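Subject: A structure for you to look at

Dear colleague,

I am handing over the structure below, together with some notes on what was found in it. Please keep it open beside this email while you read.

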Amino acid sequence: KVHSNRGSMEVPALDFLGAEQWKWFQTALANSHARVNIIVSGLQVHPDRFPNDGNVVEEWSKFSEARDMLYDVILNSGVKSPLLISGDVHMSQFLRKDCMRSTDVQKWNDFENLKSHPPKRSLIEVTTSGMTHSWGTSFSSQPKHHTWPLWPYSYLVSRTFMTICHYVCPWNEIIIHKMGQQEASVGRVGIAGKQYYLGLNFAELEFDFNEQQEDISSDSGAVTVRVFGRNENEPPKLEARWTFDELSGSTNLPGMTAKVGDFASLGRSTSDWICVPYRGLPSALHYYAAIAVQFVAFCSLSFLPYIVMTAAFVVGRKKWRSKSK
């Protein structure tokens with residue numbers, strides 16, 4: 001069992017860790033006195049991707065009760081400046097979820113004063129992978145997709161499909177940086193737009209334990225995350241900075257557009273905390289429209305070689321006929 005504010009929690013039947021590892025993790029957090037705590041997961045934690053099949057996309061959302069327990073263990077521990085690091089998906093993303101206590105959700109949902117700011121905690125996740133192949137090269141690890149004659153088509157399909165997904169899919173946990181705005185949700189540095197990179201990549205974390213803020217009542221440190229591409233001498237592809245105060249929740253991280261109703265719709269009686277994408281839950285229309293676009297894009301890209309060959313044959317035949325006449 002894992003202890004929570006509501007007593008002992010049973011380890012879910014569908015789980016990644018098992019009772020022994022849960023106990024170790026909870027004990028490790030309880031014993032940590034570090035100013036910043038890096039929590040590494042082989043799989044992504046925040047996303048809820050389609051298709052919802054662990055054989056296609058592995059992530060914590062496939063075992064939702066286990067993920068709820070993970071959020072509870074981290075946030076109930078009181079550990080300072082938690083930062084999630086994940087991989088596996090062969091691209092880099094900066095992700096954010098905002099979390100409210102279950103006891104606060106009902107109170108604020110009844111009041112629903114949207115001009116007020118309900119008490120919440122932000123959890124940042126940095127995903128970085130891979131260094132051998134990626135969606136910007138080819139999603140496949142098979143050598144034939146990285147050599148002639150398949151690599152031009154494989155690279156085109158892989159990058160095009162995932163770029164379309166990032167623009168049409170309701171992945172509201174991906175951080176968006178609007179250039180010109182001092183938006184702390186991306187640490188006030190980095191490129192504009194959605195914070196993702198599809199090429200080969202690796203991440204660097206730089207910790208500043210001495211940085212001084214105007215308000216020094218708590219922790220004045222900061223962490224800067226940089227994601228580099230294949231050439232480490234080039235400028236970083238992604239970059240963001242968060243203060244320890246922002247990661248710990250003692251300083252508000254602005255930018256949340258999720259409504260209290262979003263938290264209420266996901267509320268579970270067994271969870272101490274409810275976490276939702278900081279840009280809110282997507283509508284059903286957006287979700288199903290994105291699935292339709294994904295399907296059309298996948299089919300179009302899959303049949304692209306046949307379409308090109310057929311078009312080339314038709315054009316060539318017309319030219320041959322015109323010359324024969």
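Of the 325 residues in the chain, 43% are buried, where buried means under 20% relative accessible area, exposed means over 50%, and partly exposed lies in between (1.4 Å probe, protein chains only). Please bear in mind that this is a predicted model, in which local features need pLDDT of at least 70 and side-chain atom pairs count only at pLDDT 80 or more, while totals for chains, interfaces and linings use all residues. Residues are numbered from 1 along each chain as its sequence is written, and side-chain values use heavy atoms, with hydrogens and water left out.

The chain holds 8 helices and 13 strands, which are DSSP runs numbered from the N terminus (helices H or I, at least four residues; strands E, at least two).

Let me begin with helix 1, residues 19-30, whose end C-alpha atoms are 17 Å apart, in agreement with the 16 Å that its 12 residues should span at 1.5 Å a residue; the expected span is 1.5 Å times one less than the number of residues. In this helix W22, F25 and L29 are buried. Seen down the axis of helix 1, these buried residues fall within an arc of 65°, so they line one face of the helix, the arc being that of the directions from the helix axis to the C-beta atoms. On the other side of helix 1, E20, K23, W24 and A30 are exposed.

Helix 4, residues 151-168, has 18 residues and reaches 26 Å from its first C-alpha to its last, close to the 26 Å expected. Its buried residues are S154, V157, S158, F161, M162, C165 and H166. They lie on the same side of helix 4, because they cover an arc of only 150° around the axis. What do the buried residues of helix 4 pack against? They pack against strand 5 (92-101), strand 8 (193-194), strand 9 (196-197) and helix 7 (284-302).

In the loop between strand 6 (121-127) and helix 4 you will find S140, which counts as buried at 7% relative accessibility. Leaving aside its neighbours within four places in sequence, S140 is in contact (heavy atoms within 4.5 Å) with H133, H145 and H146. The C-alpha atoms of S140 and S154 are separated by 8.4 Å, and these residues are 14 apart along the chain.

Finally, V40 is found in strand 3, residues 37-41, and is exposed, with a relative accessible area of 66%.
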